[in-house]
Amino acid sequence: MSTEAFDKRLINIPMLRESECASILEQINGLRHRWITRNPNRFYSLGRATYLDTMGIEPAKGAFQCRLKSDNYLLQISFKSLYLVLGELLQGVLGGKVEITREFAVPGFHIFLGEASAGAGMASPHFDMQYRLLKWAEEKDEAEPISFTLPIRLPRAGGGLDVWKDTPADMEGRYRRGEMASIHQYAEKLGPRHFHRYSLGHLTVHLDRVLHRVGSVAGVQPDDARITLQGHGRKLDGVWHIYW
Ligand SMILES: O=C(O)CCC(=O)C(=O)O
């Protein structure tokens with residue numbers, strides 16, 4: 001079943017042509033010296049990410065604050081037109097003003113090389129809740145928070161997102177009823193998993209908190225790569241704040 005039919009909370013919007021993805025890829029490769037190693041198993045990011053840099057995965061925790069400015073600056077000057085297109089597209093989909101953050105990490109790239117692109121599917125299912133790790137001037141959400149992924153390069157076998165219908169309210173209900181004590185127990189009780197297939201240059205937007213993880217694909221080759229632009233958004237005071 002296509003995820004379109006399965007879940008209206010996930011939408012796919014054409015954003016870039018293949019040739020545009022290719023030139024962004026060239027830029028990303030040209031910035032190899034600025035890739036941040038996230039895992040020795042060939043997982044990197046270009047740019048800072050709240051979920052990686054504020055949760056102690058990187059040994060030097062304070063690096064988030066120290067390097068945030070210079071990494072944001074690098075991305076903003078290198079991918080200025082990409083952010084412009086992203087902002088316009090999100091504005092069309094979400095309504096209201098859209099602003100790329102000036103305080104937090106700007107949208108950046110996940111980079112999985114070779115086997116790491118398939119291994120990523122072993123990650124735990126999760127809801128994107130990283131906005132809770134940041135200090136916002138305002139806390140009254142005017143809409144459900146969003147997340148998005150733009151594939152810039154995919155393995156030959158393709159790529160996508162594993163998704164489940166279960167909602168944060170389902171999970172909270174199970175906690176309240178004492179049916180589970182941890183997210184790990186929750187993962188054991190999930191409903192069926194669906195695969196939302198990505199298309200190169202098409203932006204997938206989660207119009208709510210969708211339970212997901214990087215999708216598993218079989219047949220990934222050692223010279224494959226899975227490179228995506230990642231980000232999230234929160235609507236506060238009439239403005240969508242876009243960050244990673
Ligand atoms: O790369 C993707 O497809 C999704 C990444 C993801 O699950 C996340 O960053 O929370």
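User: What should I know about numbering and the model before I start?
Analyst: Residues are numbered from 1 along each chain as its sequence is written. The model is predicted, so local features need pLDDT of at least 70, side-chain atom pairs count only at pLDDT 80 or more, and totals for chains, interfaces and linings use all residues.

User: How many helices and strands are in the protein?
Analyst: The protein has eight helices and 12 strands. These are DSSP runs numbered from the N terminus, with helices being H or I of at least four residues and strands E of at least two.

User: Which residues surround the ligand?
Analyst: His110, Asp128, Thr149, Leu161, His212, Arg213, Val214, Thr228 and Gln230. Being near means that the C-beta atom, placed from the backbone, lies within 6 Å of the molecule.

User: Which strand gives the largest share of that shell?
Analyst: Strand 10, with three residues. Strand 10 (211-214) and strand 11 (225-236) each supply at least two.

User: How does the shell divide into nonpolar, polar and charged?
Analyst: Two residues are nonpolar, five polar and two charged. Ala, Val, Leu, Ile, Met, Phe, Trp, Tyr, Cys and Pro count as nonpolar, Asp, Glu, Lys and Arg as charged, and the others, Gly among them, as polar.

User: OK, switching to the sheet with strand 10. What is the strand order?
Analyst: This open sheet of three strands runs 8-7-10, with antiparallel pairing. Strand 8 (193-197) and strand 10 are the edge strands, each pairing on one side only. Two strands pair if DSSP finds at least two bridges between them.

User: How many bridges join strand 7 and strand 10?
Analyst: Four, in the antiparallel sense, with strand 7 covering residues 160-164. Val163 stands opposite His212 in strand 10, and His212 is also one of the residues around the ligand.

User: And the largest nonpolar core, how many residues has it?
Analyst: It has 18 residues, and those with the most contacts inside it are Ile28, Phe109, Ile111, Leu150, Ile152 and Ile227. The largest share, four residues, comes from strand 6. A nonpolar core is a set of buried Ala, Val, Leu, Ile, Met, Phe, Trp, Tyr and Cys residues joined through C-beta atoms within 7 Å. Buried means 20 or more other C-beta atoms within 10 Å of the residue's own, with C-beta atoms placed from the backbone.

User: What does Leu150 touch?
Analyst: Met15, Leu203, Thr228 and Leu229, leaving out residues up to four places away in sequence. A contact is two C-beta atoms, placed from the backbone, within 7 Å. Thr228 is also in the ligand shell.

Conventions: Buried ≥ 20, exposed ≤ 12 C-beta atoms within 10 Å, placed from the backbone.
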